[in-house]
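Subject: Structure handover

Hi there,

Here is the structure I promised to pass on to you.

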Amino acid sequence: EDGYEMSWAVNVIAPFLLTSLLLDRLRAGTKSRIINVSSISQTDGGGRIDFDNLQHEKGYSAHSAYGLSKLCAVCFTKDLAGKHPMVDAKSPYDPDIHDDKITINRYKSRR
């Protein structure tokens, strides 16, 4: 509806917006942590970002869109950690919450 690819909106724009809104409070606290969960899919496409095709106008693949969004989320998190060292920012890949398990759980919960 808003013109953004869904994976991009959920995995990049939403965490960026939420973090931006909370950053002053996080920095003011005694200890803060931001965790953006990553995915093995972030390595799809050789770990490169095509800045001329962020919205996949040159051909769409849901899998590559998801991988790109996760890679960009990792880059955002690393940049955040560098700019704000008082905030512990991490972007781990946890195989226990891999995409397939989340998809299966979502499907089961809809039944």
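Below I go through what was found, starting with the overall layout and then moving to particular residues.

**Overall layout**

Please keep in mind that this is a predicted model. The protein has three helices and two strands, and along the sequence they come in the order α-β-α-β-α. Of its 111 residues, 34% are buried. The accessible surface is about 7,800 Å², and carbon and sulfur atoms account for 56% of that.

How much of the contact count comes from residues 24 or more positions apart? Among contacts with a separation of 6 or more, such pairs make up 75%.

**The core**

Which residues form the largest nonpolar core? There are five: Leu-23, Leu-26, Ile-34, Phe-76 and Leu-80. Helices α1 and α2 each contribute at least two residues to this core.

Helix α1 covers residues 6–28. On the surface you will find a nonpolar patch made of Leu-17, Leu-18, Leu-21 and Leu-22, which together have about 400 Å² of accessible area. Leu-21, one of these four, sits in α1 and counts as exposed because its relative accessibility is 63%.

Ser-7 also belongs to helix α1. Is Ser-7 buried or exposed? Its relative accessible area is 15%, so Ser-7 is buried; the cut-off for buried is under 20%. Setting aside residues up to four places away in sequence, Ser-7 touches Val-12, Ala-65, Tyr-66 and Ser-69.

There is a further pairing to look at here. His-63 and Ser-7 are 56 residues apart along the chain, with 9.5 Å between their C-alpha atoms. His-63 is in helix α2 and is partly exposed, with 49% relative accessible area.

**Salt bridges**

The count of salt bridges comes to two.

- Arg-27 and Asp-24 meet through their side chains, at 2.8 Å from N to O. Both residues lie in helix α1, three residues apart, which is about one turn of the helix. Arg-27 is partly exposed at 34% relative accessible area, while Asp-24 counts as exposed at 55%.
- Lys-83 and Asp-79 form a salt bridge as well, at 3.1 Å from N to O. Helix α2 spans residues 62–83, and these two are about one helical turn from each other because they are four residues apart within it. Lys-83 is exposed, with a relative accessible area of 57%, and Asp-79 is partly exposed at 39%.

**The cysteines**

How many disulfides does the structure hold? The number is zero. Cys-72 is in no disulfide, and the nearest cysteine sulfur to it, that of Cys-75, is 6.0 Å away.

**A loop residue**

Where does Asp-52 lie? You will find Asp-52 in the loop between β1 (32–35) and α2. With a relative accessible area of 62%, Asp-52 is exposed. Apart from its neighbours within four places in sequence, Asp-52 is in contact with Glu-57 and Lys-58.

**In short**

One is the core of Leu-23, Leu-26, Ile-34, Phe-76 and Leu-80. Another is the nonpolar surface patch that includes Leu-21.

Best wishes, and happy browsing!

Notes:
Residues numbered from 1 in each chain as written. Predicted model: local features only at pLDDT ≥ 70, side-chain atom pairs only at ≥ 80, totals over all residues. Heavy atoms only, no water. Patch = residues over 30% accessible without salt bridge, like charges linked within 9 Å, V, L, I, M, F, W, Y side chains within 5 Å. Areas by Shrake-Rupley, 256 points an atom, 1.4 Å probe, with all protein chains shown as cover. Salt bridge = Lys/Arg side-chain N within 4 Å of Asp/Glu carboxyl O. Buried < 20%, exposed > 50% of the residue type's maximum accessible area, 1.4 Å probe, protein only. Contact = heavy atoms within 4.5 Å. Disulfide = S-S within 2.5 Å. Core = buried A, V, L, I, M, F, W, Y, C linked by side-chain atoms within 4.5 Å.
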